[in-house]
Amino acid sequence: MSSIQTAEKEAVRQEILEMLSMPGADGAGEKVLRAALKKTGYELTEEEVLRQICYLQEKGLVRTEEVKNPRLGIRRTIAYITAAGTDYLEGNGGEIPGIGG
């Protein structure tokens with residue numbers, strides 16, 4: 001699925017936030033999020049998952065960290081939920097356009 005509709009993007013963003021807020025979750029990479037989204041019925045490319053993470057980051061709901069191992073040629077983007085993201089999920093931050101479920 002390379003291009004997803006607006007309503008589906010909003011639902012995917014909500015799912016990502018909920019996944020990142022799970023107890024014991026210490027961030028998640030795009031591959032892990034993609035696999036988890038697939039189990040919930042969303043078939044996205046890694047690039048699409050990264051686009052949605054970037055969107056959430058621009059809204060201040062997640063932060064990202066790049067983890068690299070140049071020797072092995074490995075690069076991962078790890079996403080973490082922010083306090084604002086937690087507030088949103090708990091209903092303490094009001095509605096945010098572009099996020100929903």
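**A hairpin and some helix packing**

Biologist: What do β2 and β3 form, and which residue in the turn has a positive phi?
Modeller: β2 and β3 form a hairpin with 4 residues between them, and Gly73 in the turn has a positive phi of about 70 degrees. Strands (E, at least two residues) and helices (H or I, at least four) are DSSP runs, numbered from the N terminus. This is a predicted model, where local features need pLDDT of at least 70, side-chain atom pairs count only at pLDDT 80 or more, and totals for chains, interfaces and linings use all residues. Residues are numbered from 1 along each chain as its sequence is written, and side-chain values use heavy atoms, leaving out hydrogens and water.

Biologist: How many bridges join β2 to β3?
Modeller: 8 bridges join β2 (residues 62-69) to β3 (residues 74-81), and the strands run antiparallel; pairing takes at least two DSSP bridges. Lys68 stands opposite Arg75 in β3.

Biologist: Switching to helices, at what angle do α1 and α3 pack?
Modeller: About 75 degrees, with the axes of α1 and α3 (residues 46-58) 10 Å apart. Axes are lines fitted to C-alpha atoms, for helices over the stretch in contact, and angles run from 0 to 180 degrees between N-to-C directions. That makes α1 roughly perpendicular to α3 (65 to 115 degrees).

Biologist: Which residues of α3 make the contact?
Modeller: Glu48, Gln52, Tyr55 and Leu56 of α3 meet Lys9, Val12, Arg13, Ile16 and Leu17 of α1, where contact means heavy atoms within 4.5 Å.

Key
Angles under 35 degrees count as roughly parallel, over 145 as roughly antiparallel, 65 to 115 as roughly perpendicular and the rest as oblique.
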